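I opened this notebook page to record what I looked up in one structure. The entries follow in the order in which I made them.

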Amino acid sequence: MALQNKRQLGNEKEEIAARFLEGKGLRILARNYKVRQAELDIVAMDDESRTLIFVEVKYRATGGAGTSLEAVNSVKQRKICQAALFYMNRFRINPETVNIRFDVVGIDGEKITHVENAFMFCLL
């Protein structure tokens with residue numbers, strides 16, 4: 001699959017995930033926030049609980065390469081955490097006054113799975 005088509009497919013799935021999250025009452029703050037060699041797919045806010053949520057979106061058309069959720073391994077988690085730190089520094093977000101959470105939205109074919117608190121904040 002060409003890089004352009006892969007990016008377009010990724011954008012389409014991230015749009016599906018964003019609409020899904022908005023349907024759950026979350027406010028989308030940013031999409032495809034890039035820093036250095038990492039990217040935050042979706043940054044959302046749950047205004048009710050004052051929780052800033054960093055969301056990784058993974059898509060798998062079939063289970064041949066494993067499930068979408070299995071793709072968010074410890075290396076990927078560290079990159080997301082690093083990007084989250086840059087985001088919080090850039091926008092002066094104090095983790096002592098705002099809750100922070102890392103979620104994963106997995107899309108396997110047409111099935112959407114939202115895992116809240118999918119992993120803990122990591123500094124390394």
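**Entry 1: aromatic rings.** I worked from a predicted model. I began with the rings and found that ring pairs join Tyr-33, Phe-54, Tyr-87, Phe-91, Phe-102 and Phe-119 into a cluster. My search of the whole structure returned 6 aromatic pairs.

Entry 2: Tyr-33 counts as buried because its relative accessibility is 19%, and the cut-off for buried is under 20%. Tyr-87 is buried, with a relative accessible area of 5%. Phe-91 has a relative accessible area of 40% and is partly exposed. I also noted that Arg-90 lies over the face of Phe-91, at 4.8 Å from the ring centre.

**Entry 3: helix α2.** I compared the length of α2 with expectation: at 1.5 Å a residue, its 17 residues should span 24 Å, and the end C-alpha atoms are 24 Å apart, which agrees. At the start of α2, I found a side-chain oxygen of Asn-73 within 3.2 Å of the backbone nitrogen of Val-75. After α2 comes Arg-92, with a positive phi near 50 degrees. I listed Ile-80, Cys-81, Ala-83, Ala-84, Tyr-87 and Met-88 as the buried residues of α2. These buried residues pack against β1, β2, β3 and β4.

**Entry 4: nonpolar cores.** The largest nonpolar core has 21 residues, and Leu-40, Val-43, Leu-52, Phe-54, Tyr-87, Phe-102 and Phe-119 have the most contacts inside it. I noted that β1, β2, β3, α2 and β4 each supply at least two residues of this core. The largest share, 6 residues, comes from α2. Apart from this core, I recorded another of 11 residues, among them Ala-17, Ile-42, Val-57 and Ile-107.

**Entry 5: Thr-51.** I located Thr-51 in strand β3, residues 51–60. Thr-51 counts as buried, at 7% relative accessibility. Its side chain makes a polar contact of 2.7 Å with the side chain of Ser-49. Leaving aside neighbours within four places in sequence, I found Thr-51 in contact with Ala-44, Met-45, Asp-46, Asn-99, Ile-100 and Arg-101.

Note on methods:
Residues numbered from 1 in each chain as written. Predicted model: local features only at pLDDT ≥ 70, side-chain atom pairs only at ≥ 80, totals over all residues. Heavy atoms only, no water. Helix = DSSP H or I, 4+ residues; strand = E, 2+ residues; numbered from the N terminus. Buried < 20%, exposed > 50% of the residue type's maximum accessible area, 1.4 Å probe, protein only. Polar contact = N/O pair within 3.5 Å; in protein donor to acceptor, adjacent residues only side chain to side chain. Contact = heavy atoms within 4.5 Å. Core = buried A, V, L, I, M, F, W, Y, C linked by side-chain atoms within 4.5 Å. Expected span 1.5 Å × (residues − 1). Phe/Tyr/Trp six-rings, centres within 6.5 Å; stacked < 30°, edge-to-face > 60°. Lys NZ or Arg CZ within 6 Å of the ring centre and 35° of its normal.
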